[in-house]
Amino acid sequence: PPSSVPHLSSSPSSSPSSSSPLSQWGLRRRTSSAAQQEMESIQGLIEESRGERREMQSILGWINNLDLDWDHVTDLNQEIRDGRLLLQVLDKVSPGVVQWKRVNRPPPALSVFKKVENCNYCVDLGRDAKFSLVGIAGKDF
């Protein structure tokens with residue numbers, strides 16, 4: 001019995017034209033160089049992701065070995081949002097640099113504004129330490 005799905009021919013004589021089975025679905029054949037470029041692009045993204053993951057693991061390992069007053073850090077993106085972890089890191093690396101009276105500490109929850117104040121204080125301390133923080137503000141954390 002005939003099928004309602006067109007047969008895709010793999011013969012070399014079939015060319016992508018308006019009457020080919022591929023064109024019935026709005027598809028066209030990819031050249032091998034285009035497919036190769038896409039594969040190389042995907043492989044590059046995978047390697048970049050692996051490199052970022054290794055870098056993040058190194059940073060997390062370094063922070064966890066600083067003997068901070070903090071539980072084990074596993075998600076840096078989440079744990080720096082209120083600025084307190086970064087302030088502890090700065091104070092551990094340069095003891096006494098953080099004026100803890102300026103730091104907003106949470107009752108059960110810290111407001112967004114208080115978190116940004118802490119992060120702005122981190123940026124101020126970083127600039128005082130001559131870190132290059134061009135275009136970075138506390139809200140970026």
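Modeller: Helices (H or I, at least four residues) and strands (E, at least two) are DSSP runs, numbered from the N terminus. On that basis the chain has 4 helices and 0 strands, in the order α-α-α-α. This is a predicted model, in which local features need pLDDT of at least 70 and side-chain atom pairs count only at pLDDT 80 or more, while totals for chains, interfaces and linings use all residues. Residues are numbered from 1 along each chain as its sequence is written, and side-chain values use heavy atoms, with hydrogens and water left out.

Buried means under 20% relative accessible area, exposed over 50%, and partly exposed in between (1.4 Å probe, protein chains only). A nonpolar core is a set of buried Ala, Val, Leu, Ile, Met, Phe, Trp, Tyr and Cys residues joined through side-chain atoms within 4.5 Å. The largest such core has 9 residues: Leu60, Ile63, Leu66, Leu68, Val73, Leu76, Ile80, Leu85 and Val89. Helix 1 and helix 3 (84-93) each supply at least two residues of this core. A second, separate core has 7 residues, among them Leu87, Leu90, Val103 and Cys122. Of the 141 residues of the chain, 22% count as buried.

Leaving aside residues up to four places away in sequence, Leu76 touches Met56, Ile59, Leu60, Ile63 and Leu85. For the chain, residues 24 or more positions apart account for 27% of the contacts with a separation of 6 or more.

The search of the whole structure finds 1 salt bridge, defined as a side-chain nitrogen of Lys or Arg within 4 Å of a carboxyl oxygen of Asp or Glu. Arg84 forms a salt bridge with Asp82, and their closest N and O atoms are 2.7 Å apart. Arg84 counts as partly exposed because its relative accessibility is 21%, whereas Asp82, at 12%, counts as buried.

Confidence is given as pLDDT, the predictor's confidence in each residue, from 0 to 100. The chain averages 78, and 77% of the residues score at least 70. Among the elements of the chain, helix 3 has the highest mean pLDDT (92) and helix 1 the lowest (79). Over residues 8-17 pLDDT stays under 50, and the model has 11 contacts beyond four places in sequence for them.

Key:
Contact means heavy atoms within 4.5 Å.
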